Amino acid sequence: MSNQNRYNLRKRTGGTVDAAPSEPVIDAASPKKAADSSSADYKSGTNWVHAGGIEANPYLFVLLVVSPFLSLLLAYATGGDIINNDWRVTYPLTEMLPACASDLSACVSSTLSAGMSVVPTMEGAKFVLTFMAVALVLERFLPGKIEVGPETATGHVPRYVDNGVAHCFVYSVLFFLGSNLGPCGESSEQLSPALGSVFEKIGVCELYTPYSFGIMYDVFESSLSFLNIFGIFFCMFLTFKGLRFPSTQDSGSSGSWVKDYLWGTELYPRVFGLDLKRFINCRFSMTYWQIAGFSFCYRSYILHGNVMDWGLFFSALSQYLYLVKFFFWEMGYMRSIDIIVDRAGYEIQWGCLVWVPAVYTFHSRFLVQHPSGLSYTAALSLFVLSMAGGFFN
């Protein structure tokens with residue numbers, strides 16, 4: 001049985017759609033029971049969610065409870081405040097674990113205090129909302145070819161404007177132009193003073209105050225805390241919307257509030273025509289990850305007396321290029337399991353809003369306070385190796 005049949009999708013060849021839906025999954029041990037179950041799932045639009053999952057795995061449920069706190073702890077572990085605190089992640093685990101075990105109550109207390117000290121601020125919230133607003137404007141106005149995803153079991157064919165590559169580069173340029181390294185920053189910090197003179201003459205620099213190019217590191221802890229709160233309530237909204245106001249027939253309840261919240265109640269949620277899964281998964285999450293490395297690298301450069309950490313620089317460059325490749329492949333992603341099978345729930349949406357910024361950028365943030373010490377030659381060699389891996393991926 002092919003994966004397309006397994007996920008109850010109709011076979012697509014190019015831009016055409018076969019008239020007949022693919023066959024449902026049949027359990028050889030009990031064909032009648034499986035057929036009846038498949039038929040019921042098809043009619044209710046449950047998208048092949050069967051018994052089990054989070055309710056049958058207490059470890060996953062624990063992960064759900066602790067994941068927001070863990071993300072905050074990771075943010076704290078790479079922030080500037082940790083340098084003046086005894087709570088460190090630089091010691092080897094062979095030292096950290098025995099030390100924690102020797103005074104368990106103090107270890108637990110300090111760990112909880114560290115995580116709970118990461119709180120949202122207006123500055124962090126403003127950065128996140130502005131970051132999303134720019135992505136939303138580009139999503140709406142950048143042109144692109146109309147592409148489609150696989151037709152679902154209920155006959156819905158998702159449509160997208162294929163402007164991911166344009167978004168990738170335009171967003172990068174806008175982030176640079178709005179920063180202190182851009183044409184409206186201090187003349188001593190501008191990377192292109194000639195462009196700065198042009199902007200000054202036409203009055204553009206009177207319209208806004210440049211931010212530090214390292215802003216993503218500066219507000220990381222508070223912005224991640226805000227994203228945690230935003231993500232939890234956003235997933236509540238998605239759960240409610242899928243049950244009450246679904247965008248397509250590929251929606252409905254699994255019968256469990258827990259599973260509905262985690263897995264989602266809708267496959268392709270849209271609000272005013274905006275595809276929420278693509279916006280969160282790609283236009284926010286991947287863009288944040290892509291730009292963050294260079295922002296962290298700049299903060300490291302300033303923090304350590306204008307000394308470049310080549311290990312961090314080439315790490316940022318490799319991540320940026322890797323995600324350029326992602327945006328070239330974005331329509332392939334829109335036809336992958338994340339999109340055509342997994343619903344828009346906590347597992348995917350909170351993961352892209354919070355887990356990706358917290359975990360996927362962790363090594364880059366860590367190097368801001370703890371430089372790699374790699375020489376240019378060593379860092380470049382590792383970069384070339386990483387690019388080879390990206391090429392063959």
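This is a predicted model: local features need pLDDT of at least 70, side-chain atom pairs count only at pLDDT 80 or more; totals for chains, interfaces and linings use all residues.
Residues are numbered from 1 along each chain as its sequence is written, and side-chain values use heavy atoms, without hydrogens and water. Local features need pLDDT of at least 70 and side-chain atom pairs count only at pLDDT 80 or more, whereas totals for chains, interfaces and linings use all residues.

The largest pocket holds about 460 Å³ of space (an open set of points on a 1 Å grid over the protein atoms alone, where a 1.4 Å probe fits, with protein on both sides within 12 Å along at least five of seven lines; lining residues have an atom within 4 Å of a point). Its lining comprises 17 residues, of which Leu-181, Leu-191, Phe-213, Phe-294 and Tyr-298 lie nearest the centre. Two or more lining residues come from each of helices H7 (164–177), H12 (276–303) and H13 (310–328), and H12 gives the most, with 6. The lining divides into 14 nonpolar, 2 polar and 1 charged residues.

H12 also packs against helix H10 (residues 220–244), at an angle of about 170° and with the axes 14 Å apart. The two helices are therefore roughly antiparallel (angle over 145 degrees). In their contact (heavy atoms within 4.5 Å), H10 contributes Phe-220, Ser-223, Leu-227, Phe-234, Phe-237 and Leu-238, and H12 contributes Leu-276, Ile-280, Phe-284, Tyr-288 and Phe-296. Of these residues, 10 are nonpolar, 1 is polar and none is charged.

In helix H17 (residues 362–369), Ser-364, Arg-365, Leu-367, Val-368 and Gln-369 are buried (under 20% relative accessible area, 1.4 Å probe, protein chains only). Their cover includes H10, H12 and H13, together with helices H3 (58–77), H9 (215–218) and H16 (346–360).

Notes
Grid points are joined across faces, edges and corners, and a volume is the space filled by probe spheres set on the points. Helices (H or I, at least four residues) and strands (E, at least two) are DSSP runs, numbered from the N terminus. Ala, Val, Leu, Ile, Met, Phe, Trp, Tyr, Cys and Pro count as nonpolar, Asp, Glu, Lys and Arg as charged, and the others, Gly among them, as polar. Axes are lines fitted to C-alpha atoms, for helices over the stretch in contact, and angles run from 0 to 180 degrees between N-to-C directions. Angles under 35 degrees count as roughly parallel, over 145 as roughly antiparallel, 65 to 115 as roughly perpendicular and the rest as oblique. Buried means under 20% relative accessible area, exposed over 50%, partly exposed in between (1.4 Å probe, protein chains only).
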